[in-house]
Amino acid sequence: QVQLVESGGGLVQAGGSLRLSCVASGLTFSRYDMGWFRQAPGKEREFVARVSWSGGSTSYADSVKGRFTISRDNAKNTMYLQMNSLNPEDTAVYYCTAGVAMDYWGKGTLVTVSS
């Protein structure tokens, strides 16, 4: 069965950094585009970043561009999201997704940024 497990969330102060990881199993990881979404309290789920199967192409939401970096290590079946210069507006549950059509989802990891 396909499983995506996020980790690395936690509580950080504004201006701080955090690195999220998503470990995939049950699929041929290197064949899937991967991405991150997030959902803040009372808000709709929104796109954060995506990375192509090879890691050669990335895309970011305007709200995080320049602060977040998405990457992947196909040898480890793992995708990462390095988050810098965090602000309270980044507080959300962050979800890992696999596939161009977002076929699979993780259960999320909570990121809380305090002021």
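A residue is called buried when its relative accessible area is under 20%, exposed when that area is over 50%, and partly exposed in between, with a 1.4 Å probe and protein chains only. The structure is a predicted model, in which local features need pLDDT of at least 70 and side-chain atom pairs count only at pLDDT 80 or more, while totals for chains, interfaces and linings use all residues. Residues are numbered from 1 along each chain as its sequence is written, and side-chain values use heavy atoms, with hydrogens and water left out.

One disulfide (a pair of cysteine sulfur atoms within 2.5 Å) is present in the structure. The sulfur atoms of Cys22 and Cys96, which form this bond, lie 1.9 Å apart. The pair links distant parts of the chain, 74 residues apart. Because the torsion about the S-S bond of Cys22 and Cys96 is about -70°, the disulfide is left-handed.

Strands here are DSSP runs of E of at least two residues, numbered from the N terminus. Two strands pair if DSSP finds at least two bridges between them. Strand β9 runs antiparallel to β11, joined by three bridges, and Ala92 stands opposite Val111 in β11. Strand β2 (residues 10-13) pairs with β11 in the parallel sense over four bridges; Gln13 has Ser114 in β11 as its bridge partner.

In a regular strand the side chains alternate between the two faces of the sheet. In β11 (residues 109-114), Thr109, Val111 and Val113 make up the covered face, and Leu110, Thr112 and Ser114 the uncovered one.
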